[in-house]
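Have a look at the screen for a moment, and then I'll talk you through it.

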There are 2 protein chains.
Amino acid sequence: MISNNTEKLLRKLKAKKYRWTMELFVAEGPKVVSELLDLKMKPQHLFSDKQEWESKGATLISSSELKSASQLETSNEVIAVFPFPKFDKSSKSNVTLVLDSINDPGNLGTIIRLCDWFGVTELICSLKTVDCYNAKVVQASMGSLTRISIHYIDLKTYLTATKTPTFIADMNGENVYKTSLPKEGVLIMGNEANGVSEEIKKLIVNKISIPRFGEIQETESLNVATATAILLSEFKRGCV
Amino acid sequence: MISNNTEKLLRKLKAKKYRWTMELFVAEGPKVVSELLDLKMKPQHLFSDKQEWESKGATLISSSELKSASQLETSNEVIAVFPFPKFDKSSKSNVTLVLDSINDPGNLGTIIRLCDWFGVTELICSLKTVDCYNAKVVQASMGSLTRISIHYIDLKTYLTATKTPTFIADMNGENVYKTSLPKEGVLIMGNEANGVSEEIKKLIVNKISIPRFGEIQETESLNVATATAILLSEFKRGCV
């Protein structure tokens, strides 16, 4: 059974405000929870409606309790509360990724996994970007969430202070395949519908784009996660 | 109101078998339906619970009728039945993409959009790959579905007959950044969990991989859609 206090906690953790005040987040489903446990993350609470989870320290609850505790559309076997991961400040990567108002949790999760793959250890998010501890982001980013240091800050302040060459992904930017990218750089990706905001565009000179090859020029812009994949690959391909 | 016959048709079109026999598919939601109409696709049926769709030829139905007709978890404003798009056989691209058992509709939709962006006009799918006319794929691929010629065939037969240099995306393949890719080629992407099947791997000599840069080598493999984005970009970047 879930105690009243824990039930209250789980309800509070649906809100970003409480997650960041308490530095706790909720992970759901056997895949991501197993991965977090394997990474030695210590859950503050662990509940499951499947007996096999008892050996991993889970308290057995009914399926209806699990369903009502879940933040997802369909609850799935296990729900856990973890403290925010801690990061070693010394490991700084040569490429930093900046996100300007990414809305979709699935996109942010995919981008966090991409950072992990490409060794991008710092991810800077605008204050309007979806919370990385949102249950759907946690599910999509998997264990990568524990390896990327993610900061929510005012982008204008951050970018004004940055000395590293900075590049905006922009439909009207220079062809990335013809651009000589530096070994150290900052890449800014914008919102799914509107791209990078005008305010930020004014600050940054370098704009890069992925050329479109299709004959019929009607394709919508690339999804932001696939565009991030291609641009991070372009930054990194020179390093091998 | 939806007639009994149309209701039956909509129900049948939930099954791949009927979609391919009748060469009809269902599209849902204002974004994708508007885009298909803009592309001059002629719907065989068009229903909406919003009056503004009447001017586009929609029959007004109740929200509960829309909900019961929908193939998605949440119905959204409009549902339409379209005939399969027709393709101009003459436009053949230099890169052909082959999918071996892609399961996730969202991944297939993203990959179809990537093909459109990179001018890959032929997409070959194994018989076990999720149907491109599945309602979720239709939603994710948007208008790109009308511009990519998609074939479901036995991969072994297809690949045995192919004379073009063929490359498998494989974790143990050669570093793609160090591989000289040909201007004409076939790229094979595998299933989300298991990669390309052993049967196909036996047929193909060339294997390429996207190197992992993260220091901690625990990152799961890249999502198949983001890996496809990077590899198509690698094939095409030499062409600009």
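Some housekeeping. This is a predicted model, so local features need pLDDT of at least 70 and side-chain atom pairs count only at pLDDT 80 or more, while totals for chains, interfaces and linings use all residues. Residues are numbered from 1 along each chain as its sequence is written, and chains are lettered from A and ligands numbered from 1 in the order in which they are written.

The contact itself takes 33 residues from chain B and 33 residues from chain A. On the chain B side, α5 (105-117) and α9 each supply at least two residues. Helices here are DSSP runs of H or I with at least four residues, strands are runs of E with at least two, and both are numbered from the N terminus. Which element of chain B gives the most to that side? It's α9(B), with 7 residues. By class, the side of chain B that touches chain A has 13 nonpolar, 10 polar and 10 charged residues. For the classes, Ala, Val, Leu, Ile, Met, Phe, Trp, Tyr, Cys and Pro are nonpolar, Asp, Glu, Lys and Arg are charged, and the others, Gly among them, are polar.

Buried means 20 or more other C-beta atoms within 10 Å of the residue's own, exposed means 12 or fewer, and partly exposed is in between, with C-beta atoms placed from the backbone.

Now the sheets, in chain A. One is an open sheet of 6 strands, in the order β7-β6-β5-β9-β8-β10, with parallel pairing. Strands pair if DSSP finds at least two bridges between them. At the edges sit β7 (149-152) and β10 (206-209), each pairing on one side only. From one strand to the next, the twist averages 35 degrees. Inside that sheet, β8(A) and β9(A) pair in the parallel sense over 3 bridges, with A:Thr166 opposite A:Val186. And α9(A) lies across β5, β8 and β9 of chain A, at about 165 degrees to β9(A). Those angles run from 0 to 180 degrees between N-to-C directions, using axes that are lines fitted to C-alpha atoms, for helices over the stretch in contact.

The other open sheet has 4 strands in the order β1-β4-β2-β3 (chain A), with mixed pairing. Its edges are β1 (24-28) and β3 (59-60), each with a single partner strand, so one side of each has no neighbour in the sheet. β1(A) and β4(A) pair antiparallel over 5 bridges, and A:Val26 has A:Val81 as its bridge partner. Helix α3(A) packs on this sheet, touching β1 and β4 of chain A, at about 40 degrees to β4(A).

Last, single residues. Phi of A:Lys40 is near 65 degrees, a positive value in a residue other than glycine. A:Lys40 is in the loop between α3 and β2 of chain A. Is A:Lys40 buried or exposed? With 7 other C-beta atoms within 10 Å, A:Lys40 is exposed. B:Ser101 also has a positive phi, near 65 degrees, but B:Ser101 is buried, with 21 other C-beta atoms within 10 Å.

Then there's B:Glu192, in the loop between β9 and α8 of chain B. B:Glu192 is partly exposed, with 15 other C-beta atoms within 10 Å. Leaving out residues up to four places away in sequence, B:Glu192 touches B:Ile102, B:Asn103, B:Asp104, B:Asn107 and B:Val224.

Definitions and conventions: Contact = placed C-beta atoms within 7 Å.
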